[in-house]
Every structure is written in C-alpha cells, then in structure tokens.
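Open the model in a viewer and keep the selection panel at hand. The stops below say what to select next and what is there.

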Amino acid sequence: MRINQTVLKEFILVGFSAYPHVQSLLFVMIFCLYLLTLAGNLAIMGLTWVDKLLHTPMYLFLSALSFSETCYTLAIIPKMMVDLLSKSRGISVPGCGLQMCFFLGLGGTNCIILTLMGYDRFLAICNPLRYPLLMTNGSCARRVASAWAGGFFVSLIETELIFRGPFCLPNLIKHFFCHMRAVVRLTCRDSELTEFIVTMISVSGLLGTFLLIILTYVLILSTVLRIPSAEGKQKAFSTCASHLTVVIIHFGFASIVYLKPEASGGDDSLIAVPYTIITPFLSPIIFSLRNKDMKHAFRKIMKKTDALKK
C-alpha cells in the first residue's frame, strides 16, 4: 500500500505540457486533421446511405468502421484540443473512467470490424457462390452489433479492473487522455499486477484479431494464385488492397503503443499520436481514394447538386 493514498476527485492530464512553445502549432495541426477525419468519415457514411448501389456488405462494414472511428476520435481529440489551449487540464475520475471505457471499447470494435471486413473479402473471393447466402445485409448488421458488444464487453472488464480501487497521489496522468497504462500506475493496490492483466487482455485481443486477418489473407492468396488469368488476379487483389493497407497501418501503430517495453522510455503521448490521430485520418482517405464505387457515387451526388442549383 502506498502511504499517500487518498480519495481523488480528479486527475491532471500532463499531455503535451512538456512542449509549451509548440502547443499552439499542435492545436492547429490536430484541429485540421480532426476536421478532415470527420469530413472523410461522414462522406463515407453519407454516400453509403444515399447511394443504393453501395448497400452491399462490403460498404456496410466500411460505413460501420467510419462511424466507429468517428466516435473513437470524438472520445479523445476534442478534450485534447481544449487542454492544448488551457492551463487547467483536469478531468474528473468518473469522466476519466468514461473516456477510457469508450477509447478501449471503440478501439476493440474497430479491430473486430476490420476482421469482419477481411472475412467478407475471404467469402467473396474464396466462396463466391455461397457469398450472397452467407453475407446478407441482415447478417452484416448482426455481425457489426456483435463487434460493438465484444469491444465494449472487454472494455468494461478492463475499466472495472483499473477503477475498482483507490488512487494515490500524485494525480498526474502522463498522457493527453486517460490511457489505461498511464492511469493504472496511479492505483494504490497491486498496480503492477493490474497493469499486467489489462495489458495482456488488450494485447491478446489485438494479436487475436490480427492473426485472424492474416489467416484470411493466406487463404485468399492461395485462392487468387489459382486464378488462371492475370486480369482475374489483379481484380481480386484490388478489392483487398485498401483493407490490407489500413490493417497494416492500424495494427502497426497499435502494436507500437501496446507492445512497447516499459524500460524502453520515450514520451507515451508522442508515441500514441499515430494510433489516435494519424490512423483515423488515413483510414477514410485510403478507402475512398482507391475505391471506384465511392468516386462514382460522389460524382453522382455532385451532378445532382449542380442540377438542383440550375
């Protein structure tokens, strides 16, 4: 037990306070990236909703991912931008728990949806005849609901493990949001054991979903290599390129955060920026720029808008 145990009512997010001379610049950069992220995700959701040709499992999963990532950034970035301009960086203990729960839950949901998108591509390429039966819009909705339920089930367990006991002074969270590893170090009871448990839960979920995606792509690759025509192979690979790129970025940045050894040092706030800000920013860009159907749907909307103006 630590001697300085007390009943804390709030935490102080240290964030980027170690870099006072660049906080205004950071605010402008993060604000611009956040607006572009919101615009990209809202565009994907809007186009999927409006264009009936996009009412297919692949785009329903993409729209679900965009919605999840929009909520994910909403849980972190607005508070971070306020703290960049404010001298008071406090957050209440319940507010911290809520932010952590949503961050972990939505992060887990993103991982599961990315896995479902890989499974969708696997069925489309490896079992094209059974695909319409196995992957209906109704089954997609149920799978997305399961992704949310699974993500938040794990999140609630981790948050409960961290917030079940009292916290000790100092109440400084060395991060720009309530990251579980930064908060768990402030607990008064068995902080090292709790940190190990919650880290193993997160790493297991991260590696589990990643390995499932790798397995689907191994099976996809073995099927594509048996396609006789080069054009058929190229078409099959093109349907997977955007998803695979996002998977590499998402899990690559996440692994840096969760698999970083404790003794390696480094600023955790800076290390978390790619995972929390850059990945959600790049995801809609990759999915939209490399997608002919999305571009076609956008052009149709623009033509209709121009026609209404005339």
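## The largest pocket

By class, the lining of the largest pocket holds eight nonpolar, seven polar and six charged residues. Keep in mind on this tour that the model is a predicted one. The volume of the largest pocket is about 600 Å³. To find its centre, select M58, Y59, S238, T239 and N291, which are the closest to it among the 21 lining residues.

Next, colour the elements that give two or more residues to this lining: helix 2 (57–74), helix 4 (93–126), helix 9 (230–258), helix 10 (268–289) and helix 11 (292–309). Which element gives the largest share of the lining? Helix 9 does, with six residues.

## Helix 8 against helix 9

From helix 8, select T199, S202, V203, L206, T209, F210, I213, Y217, I220, L221 and V224. From helix 9, select K233, A236, F237, C240, H243, L244, V247, F251, A254, S255 and Y258. By class, the residues of this contact are 16 nonpolar, five polar and one charged.

## Helix 8 against helix 4

Helix 4 and helix 8 pack with their axes 9 Å apart, at an angle of about 15°. Are they roughly parallel or antiparallel? Angles under 35 degrees count as roughly parallel, and helix 4 and helix 8 are therefore roughly parallel to each other. The crossing of helix 4 and helix 8 is left-handed.

On the helix 4 side, select C111, I112, L114, T115, G118, Y119, R121, F122, I125 and C126. They meet L206, T209, L212, I213, T216, L219, I220, T223 and V224 of helix 8. The residues of this contact divide into 13 nonpolar, five polar and one charged.

## Helix 4 against helix 6

The crossing of helix 4 and helix 6 is right-handed. Their contact has 18 nonpolar, eight polar and two charged residues.

## The second largest cavity

How many cavities of 30 Å³ or more does a search of the whole structure find? The search finds three. The second largest cavity holds about 60 Å³ of space.

Select L13, V14, G15, F16, S17, Q23, M80, D83, L84, R89 and F176 to show its lining. Helix 3, residues 77–85, gives the most to this lining, with three residues. By class, the lining of the second largest cavity has six nonpolar, three polar and two charged residues.

Definitions and conventions. Residues numbered from 1 in each chain as written. Predicted model: local features only at pLDDT ≥ 70, side-chain atom pairs only at ≥ 80, totals over all residues. Heavy atoms only, no water. 1 Å grid on protein atoms, 1.4 Å probe; cavity = no way out; pocket = protein on both sides within 12 Å on 5 of 7 lines; lining within 4 Å. Points joined across faces, edges and corners; volume = space filled by probe spheres on them. Helix = DSSP H or I, 4+ residues; strand = E, 2+ residues; numbered from the N terminus. Nonpolar A, V, L, I, M, F, W, Y, C, P; charged D, E, K, R; others polar. Contact = heavy atoms within 4.5 Å. Axes fitted to C-alpha atoms, helices over the stretch in contact; angles between N-to-C directions. Parallel < 35°, antiparallel > 145°, perpendicular 65-115°, else oblique. Left-handed = near helix turned anticlockwise from the far one by under 90°.
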